[in-house]
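Please load the model in the viewer and keep the selection panel at hand. The tour below moves from one selection to the next and states what is found at each stop.

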Amino acid sequence: METFWFCVIALLWLGYLFLEGFDFGVGMLLPVLGRSDDERRVLINTIGPVWDGNEVWLLVAVGATFAAFPAWYAALLSSVYLPLVLFLLALIGRGVAFEYRGKVDSARWRRVWDAVIVAGSWTAALGVGLLLSATVFGMPLDAAGDRVGSPFASIRWETLLGAVAVAGYAFVHGAVFLSLKTEGEVRERARALALRVAPFALLPLLVLLLTVQLRFGSTWTWGASIVVALAAFGAYGRLVLRREGQAFALMGVTVAAAVAALFGALYPDVLPSTLDPAWSLTVAGAASSPYTLTVMTWVAAFGTPAVLVYQGWTYWVFRKRVGTRHIPRVHVP
Amino acid sequence: MDVLDLARWQFGITTVYHFLMVPLTIGLSLLVAGMQTAWVRTGDRKYLAMTKFWGKLLLINFAMGVVTGIVQEFQFGMTWSAYSRFVGDVFGAPLAMEGLVAFFVESTFLGLWIFGWDRLPKKAHLACVWAFSLATMASAYFILAANSWMQHPVGVELVDGRARLTSIWEVLGNNTVLAAFPHTIFGAFAVAASFLVGIAAWHLWRHTDEGPVWRASVKVGTWVGVVAFTGLAISGDQQAKLMFEQQPMKMAAAEALCHTESPAAFSVFAIGDVTRPDCENVKSITVPALLSFLAHNDFTTEVKGIEELIPQYQEKYGANYPVDPRLGELSGMPIDYVPNLPVTYWGFRLMIGFGAIAVGAGLVIQWLVRGGRVPRGRWFKWLTLGSVATPFLGNSFGWIFTEMGRQPFVVVPNPGGVDGVWMFTARAVSSSTPGEVLTSLVALTLVYGVLACVEVFLIRRYVRAGIAGVLPDDKSGSDEDARSEADDVLSFAY
């Protein structure tokens, strides 16, 4: 049961990274690919109906961790305190910016909010990477699960690598998504950019996985890591052939295999202690009671399929490519 | 300040701020769903205008509610990690359910609603706003179930020093949440009602176009307000009765009732210093025997006062904090079981007072604008705008009273509650450094302050612009969807 919930949480993170990964990417690419105001509105409209739903995957991942592994939730969030504050501020700014940038028709107003979107998307993507890699590589925890040492203990080369890895992945993922969801010049630019930067931007992810495997890896997580590399190459190849849909799907395989490799390497720990392995939080030790897990399983069994159906429907409703010709006149007071 | 004070300030600020947006979202989303239903059924352009106008204000407000809600979910782990460990088995479940069952629905269907104008079939689009608004209520239920558990822990046992869930149905069916939920929802409708009445009457006063739209809004708002206030009074009375039973100290503090009385009088207004638990200087205007009635439904029952309750609490939960390094300077110190008296006493009164003013103002405004009249004086403008603010204040004071009134406990022990399942607030905080918490407190407060200005600026702008700000051209409602072309992917754009 605990292991099942460990897998559920890994799946929720996968959903989050896959979905919000591309809307972070779109945010990062806003000034790069959106040369005119209309083009920037095209970019934002590709994620407009869905980014909020994507973000809920994070809230559910964290909420499920609280419910299923309270000790993990408590130790992780209190240990990575300062980066989390920055991460939350980034999510706040970004969310407000999406909603507010079009509410006043002024170039300056939009410039400010666009800057918030760009900064927020970068910061949040880096933050997710730091949070995940701090989980996998562990924190200096004492026997009670509290962090020992400075507030900056979560900032180490491994976690910075993790931060860059997720941001790089989101950047490429966003570009592939835009080449799938837009038309005309923006689409061409997005595709060209993805092809140009992918080899560098995805490199940190591969280095991260290699580091994790060398330190904690088992045979099957090695397998998953190899799938990551293959899927990334495949996505690249598909994009070269202008098969954007397939490229995007392979980006999904990339992140799925990466999550499998990371969480697989972490198991049976949920948060290792770098001070003493005996103090590491484990799946068994950090879990809620079997009763709570049973309750949560029932909720998830009914809730998750419903979520997948109606979120899938949203993507279906807004399946068409967006172009500057679809952007209506600005009408605001 | 130490971590405890900083963490409490942070929680108070972020929660009260978050709860400025939440009730408006809950109340307004249901009213907007109703307006859109009226439009779909009648085709009357007036209802379309109402849907668009109030819907736009709803969106501006909802965005802030969402982003400030994220902080709430992380905060338990960040600053209250000891609490999270103690109650995770039971407290995390409703939070996760809120996300999985309610919040996904909210955010997904809101996206569909915003971008689905002219894109989805009319009825499907209408269903989206209903799904969204009903999910906001479901959200509220789960969050209140979690909060109510802290006020009245049920469905658990104590195992290895941690609360362990034994029945989720008891947690979700806690009598505390069954009373708190209607109270909160009626509070939300009171907010939305005043919002409608105040803003619409202000437009009438300015003699802008679209008179029928504003008159209909005033009318809807007034009636919703009256129903909401009635509901608030009934559910509040239920809550108070439970509170006498579950948290006698909180109610004694709310009344600044020092000595046990039988029959007990209800204090309407106190003159003097309520800060001292001996209450020597308090001259209170009272209604005889009313408090007994509120507590037990008869006019004679004894109601316990603070001085009699203190020894009972000391006997059960100790006179001194345990010696524990995690308690910091409170370790081994005497426990003050009396919550902050001025805050609880006045918080309770301000909650009721502002709630009553809100509905009163609504009725007065409705009467003043009856049959096509509009008062000319500038005072009317201030009445309309002032009435918008009052239920927000009532809500905030209500929460401040509820949360401050349970101190020094974060999980309150109830007479007849589950043995051992309670927790001192001082014991609940993380072992973070004061610098960390201070940084986040300052950063969040500053950002929240800036965002408050932005939101008020935007709402003001859209309110002033009226219907013209949300309906670009004066086409009649039924033509609206004839306009949509196959290629019109997104008629609404950020």
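Select B:Phe19 and B:Trp399: both residues are buried, a term that denotes under 20% relative accessible area, with exposed meaning over 50% and partly exposed the range in between (1.4 Å probe, protein chains only). This is a predicted model, in which local features need pLDDT of at least 70 and side-chain atom pairs count only at pLDDT 80 or more, while totals for chains, interfaces and linings use all residues. Residues are numbered from 1 along each chain as its sequence is written, chains are lettered from A and ligands numbered from 1 in the order in which they are written, and side-chain values use heavy atoms, with hydrogens and water left out.

**Aromatic pairs**

Over all chains, the count comes to 57 aromatic pairs. Rings of Phe, Tyr and Trp (its six-membered ring) pair if their centres lie within 6.5 Å; planes under 30 degrees apart are stacked, over 60 edge-to-face, and the rest tilted. Return to B:Phe19 and B:Trp399: their ring centres are 5.6 Å apart and their planes stand at 75°, so the pair is edge-to-face. Since B:Phe19 belongs to helix 1 (residues 3-42) of chain B and B:Trp399 to helix 12 (residues 378-404) of chain B, the pair ties together parts 380 residues apart in sequence. Helices here are DSSP runs (H or I, at least four residues), numbered from the N terminus.

Next, select B:Phe76 and B:Phe91, whose ring centres are 5.0 Å apart with planes at 70°, so this pair is also edge-to-face. B:Phe76 lies in helix 2 (residues 45-79) of chain B and B:Phe91 in helix 3 (residues 81-116) of chain B, 15 residues apart. B:Phe76 is buried at a relative accessible area of 9%, and B:Phe91 is buried at 3%.

**The interface of chain A and chain B**

Now display the contact, which takes 79 residues from chain A and 84 residues from chain B; contact means heavy atoms within 4.5 Å. Which salt bridge joins A:Asp146 to chain B? The partner is B:Arg85, at 3.4 Å from N to O. A salt bridge requires a side-chain nitrogen of Lys or Arg within 4 Å of a carboxyl oxygen of Asp or Glu, and the rule finds three across this interface.

Note on methods. Helix = DSSP H or I, 4+ residues; strand = E, 2+ residues; numbered from the N terminus.
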